[in-house]
Amino acid sequence: MQTLRFGDKGLFVQYLQTALLRAGEEPGEIDGIFGRRTENALMRFQDARGIRADGIADRLTWASLYPYFVGSTFRANGAGEPVAVPLDPGVVFTDLPYSSFLTACVLEGLTLRYPFLAKFPIGRSVSGRRIEAIRIGAGALRVGINAAHHANEWITTPLTLLFLERYAKALSENGAIGGVSARTLYERSTLTLVPLVNPDGVDLVTGALSEGDSFYESARALSAFYPGIPFPSGWKANISGVDLNLGYPAGWENARAIKFAQGFTRPGPRDYVGTRPLEAPEDRAVYDLTNRERFDRALAYHTQGGEIYWEYRGYAPQGSYALAQRFAAASGYAVANVPYDSGFAGYKDWVIDALRANAFTVEAGRGTNPLPLSDLESLYAENEGIFAAALTP
Ligand SMILES: [Zn+2]
């Protein structure tokens, strides 16, 4: 973690302020600006924990703040083993921009609170960030959901994590989710969620990478060749400038021809297909997971447009259209045909083509990417029924 002190600005200052607030201190407005109130709050926090109260967030201070990121603290039980004690009502942050750091904290927090969840690494990003999957369920229907192939669509990360948390909570309380008994979903399906396919790209868009960082600077240099696309808010690709939803081996040559004709001939913020299918380690990780798991159904979450894509080259496995209609009925989104120019080399395309499984792209919400966090609850309300329907045989 970065060492932060008075005068610093940015996403990690916002994280620091949020953790201090959760710890019962008063850091002032959660504005990402490390001013005197934040400094005083940090000194009080340090003093209360026997850390040198210098108002500087160093490694030791971040470690002491960790419980407020995972939403649990620890105490020893009678046998001297650590037991997680919940601190906050929820684990998934709904008021902070996401990053690889925050996502890892949430996944850790969810598995601490709900021991029937299992998380596991599926690969690493270009910069070496771990890409993780998390699983819930014991049923025969195998469902894969992934989010944030596209960096500036990162709101799909908290969107899918919120579903997982509310499903897990409903299960532990014998409740319902999306109008269905959580126990029934659990017994009939197994959900494997990859909430953050593109950690580096999301870190770039939300400010977890900042000026001076070598990955930030190399991305900025790539974006200079695409002056019409705002930087970093228009960034969809991985940190090498490969569009991860154009990297799958399904009509990749067609995607290449289309995107090159549109001028996307070199790495950049979006629409560059790379030099070969599965060039990006992030795509390779999701591809390998999908091949191992042989999902019956797969949903790739994107924003925006309020549409559900369900076929590839005019083909869809049996049941796809009916499922798409159920999703549409639950969300108010439209069942739509993919525009020809976007009809190749996506995750859904490859799953349909190679696995002959029901696969969908959900373009959640409406507006301009990145959608604001203030849209998260309404997005959730639209999509809860899709998630529940996806887990229902
Ligand atoms: Zn997208």
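In which sense do β5 and strand β8 (residues 189-194) pair, and over how many bridges? The views below, all drawn from a predicted model, begin with that pairing.

**View 1. Strand β5 and its partners β8 and β9.** β5 and β8 (residues 189-194) are paired in the parallel sense, and six bridges make up this pairing. Within it, Val 143 has Leu 191 of β8 as its bridge partner.

**View 2. The open sheet of eight strands.** Followed across the sheet, the eight strands come in the order β3-β4-β8-β5-β9-β12-β10-β11, and their pairing is mixed. At the edges stand β3 (118-124) and β11 (334-336), each of which has a single partner strand, so that one side of each is left without a neighbour in the sheet. On average, and with direction ignored, neighbouring strands of this sheet are turned by 25° against each other. An antiparallel pairing is found between strand β4 (residues 130-137) and β8, over four bridges, and in this pairing Ile 134 has Leu 193 of β8 as its bridge partner.

**View 3. Helix α10 and what covers its buried residues.** Helix α10 (residues 281-293) has 13 residues, which at 1.5 Å a residue should span 18 Å, and this agrees with the 18 Å that separate its end C-alpha atoms. Buried residues of this helix are Glu 282, Asp 283, Ala 285, Val 286, Tyr 287 and Thr 290. Their cover includes the strands β3, β4, β5, β8 and β9, together with α12 (347-355). Arg 294, which follows α10, has a positive phi, near 50°.

**View 4. Two cis peptide bonds in loops.** The peptide bond that leads from Phe 231 to Pro 232 is cis, with omega near 0°, and Pro 232 is placed in the loop between α8 (214-223) and α9 (252-261). Another cis peptide bond joins Thr 303 to Gln 304, where omega is about 5°; Gln 304 belongs to the loop between β9 and β10 (307-309).

View 5. Although Ala 148 is not a glycine, its phi is positive, at about 60°, and its place is in the loop between β5 and α5 (156-172). Ala 148 counts as buried because 31 other C-beta atoms lie within 10 Å, where 20 or more are needed. Asp 271 is likewise not a glycine and has a positive phi of about 70°, in the loop between α9 and α10. With 23 other C-beta atoms within 10 Å, Asp 271 is buried as well.

**View 6. The contact between the two assigned domains.** According to the domain assignment, the protein chain holds domain 1 (1-89) and domain 2 (112-393). The centres of domain 1 and domain 2, taken over C-alpha atoms, are separated by 32 Å. Seven residues from domain 1 and six residues from domain 2 take part in the contact. On the side of domain 1 that touches domain 2, four residues are nonpolar and three are polar, while none is charged.

How values were computed:
Residues numbered from 1 in each chain as written. Predicted model: local features only at pLDDT ≥ 70, side-chain atom pairs only at ≥ 80, totals over all residues. Pairing = 2+ DSSP bridges. Axes fitted to C-alpha atoms, helices over the stretch in contact; angles between N-to-C directions. Domains from an automatic or database assignment. Contact = placed C-beta atoms within 7 Å. Nonpolar A, V, L, I, M, F, W, Y, C, P; charged D, E, K, R; others polar. Expected span 1.5 Å × (residues − 1). Buried ≥ 20, exposed ≤ 12 C-beta atoms within 10 Å, placed from the backbone.
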